[in-house]
Amino acid sequence: MTSSPTLALPGGTIPMLGLGTWQSTGDEAVRAVSGALELGYRHLDTATGYGNEGQVGRALSLVDIDRDDVFLTTKLPPEHAGRERRTILESLAALGTDHVDLWLIHWPPGGKAAPEVWQELRRARDEGLTRSIGVSNYSIPQIDQLIEATGEAPAVNQIPYSPADHDPELLDAHRERGIAVEGYSPLKRTDLASEAITKAAAVHDATPAQVVLAWHLAHDVVVIPKTTHLARLEENLAALDLQLTAEEVAAIDALGW
Ligand SMILES: NC(=O)c1ccc[n+]([C@@H]2O[C@H](COP(=O)([O-])OP(=O)(O)OC[C@H]3O[C@@H](n4cnc5c(N)ncnc54)[C@H](OP(=O)(O)O)[C@@H]3O)[C@@H](O)[C@H]2O)c1
């Protein structure tokens, strides 16, 4: 199995393929996350709002893998604006670690950019509670407000991204600002029966899900598919071994037009 390519962030490197954990709960979440780590996943995406940081922490404690070898993301619920530090300390306690690798503002608080919240994330980073900081579900104008207010761009914007969402200008706008794009709901938002996808899958003896994830990687979009099933954990990770041709990528791009 190829190990995941990485992107450089200000506070470290992020493996481009990670495991999503929204709606993974209870023992099933513990089994999925520890199983994923044993298969070779080194990037986990959780959030205070998912209510499963404890399960993610438990999974990490069960496997014989160094904490430093795992990239851990969690997120601040927008309604926790004003109690940011307390929230990250609770996340760290649940996860059983003294820092995360990436802390995101989950949604723009009250639908606004909220530079005062961004300032608190910068403080937490300076204190060593998180290595990198970023946002999720932010528009480019909202990101520009954060940059104007503090001089610092988020390291990452985690947004819905799939072939149906493909928007080269949006990817460029992030890149111009030095922001990595992380795509969520990559499979849910995709019609896996689309011809461009099934055709590439047949040529490469791959599954449609693998083609979609390889398409994200071809666009340098970090991708975090969620599953609790061992066979799918393996299937999704094996997307790292799939290289689409430029023509196949272009055909899948066209699904977004
Ligand atoms: N920042 C945000 O606001 C935000 C919002 C949504 C999601 N996220 C993050 O992004 C992660 C991924 O997004 P998501 O969970 O919404 O959607 P997703 O990963 O696109 O899709 C997950 C669904 O696809 C199924 N699945 C997984 N692998 C499959 C495969 N190989 N073939 C067919 N079906 C497969 C899963 O089922 P099984 O589990 O039954 O296998 C599950 O129903 C989340 O878990 C979360 O960490 C962030």
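Reply: An N or O atom in the side chain of His-229 is 2.9 Å from an oxygen atom of the ligand. That is a polar contact, a pair of N or O atoms within 3.5 Å.
Me: How much of the ligand's 900 Å² does the protein bury?
Reply: The protein buries 87% of the 900 Å² that the ligand exposes when taken alone (Shrake-Rupley method, 1.4 Å probe).
Me: Before I go on, what am I looking at?
Reply: This is a predicted model, where local features need pLDDT of at least 70, side-chain atom pairs need 80 or more, and totals for chains, interfaces and linings use all residues. Residues are numbered from 1 along each chain as its sequence is written, and side-chain values use heavy atoms, without hydrogens or water.
Me: Which side-chain atom lies 2.8 Å from a ligand nitrogen?
Reply: A polar one of Ser-136. Asp-45 also has a side-chain N or O atom 2.6 Å from a ligand oxygen.
Me: How many residues surround the ligand?
Reply: 26, with Asp-45, Ser-185, Leu-187, Thr-227 and Arg-232 the closest. Being near takes a heavy atom within 4 Å.
Me: What classes are they?
Reply: 9 nonpolar, 11 polar and 6 charged. Asp, Glu, Lys and Arg count as charged, and Gly is among the polar ones.
Me: Which helix gives the largest share of that shell?
Reply: Helix α9, residues 230–237, with 3 residues.
Me: New topic. What is the volume of the largest pocket?
Reply: About 400 Å³. The ligand takes up that space.

How values were computed
A polar contact is a pair of N or O atoms within 3.5 Å; within protein, one must be able to donate a hydrogen and the other to accept it, and residues adjacent in sequence count only if both atoms are side-chain atoms. On a 1 Å grid over the protein atoms alone, a cavity is a set of points where a 1.4 Å probe fits but cannot get out, and a pocket is an open set with protein on both sides within 12 Å along at least five of seven lines; lining residues have an atom within 4 Å of a point. A molecule sits in a cavity or pocket if more than half of its atoms lie within 2 Å of its grid points. Helices (H or I, at least four residues) and strands (E, at least two) are DSSP runs, numbered from the N terminus. Grid points are joined across faces, edges and corners, and a volume is the space filled by probe spheres set on the points.
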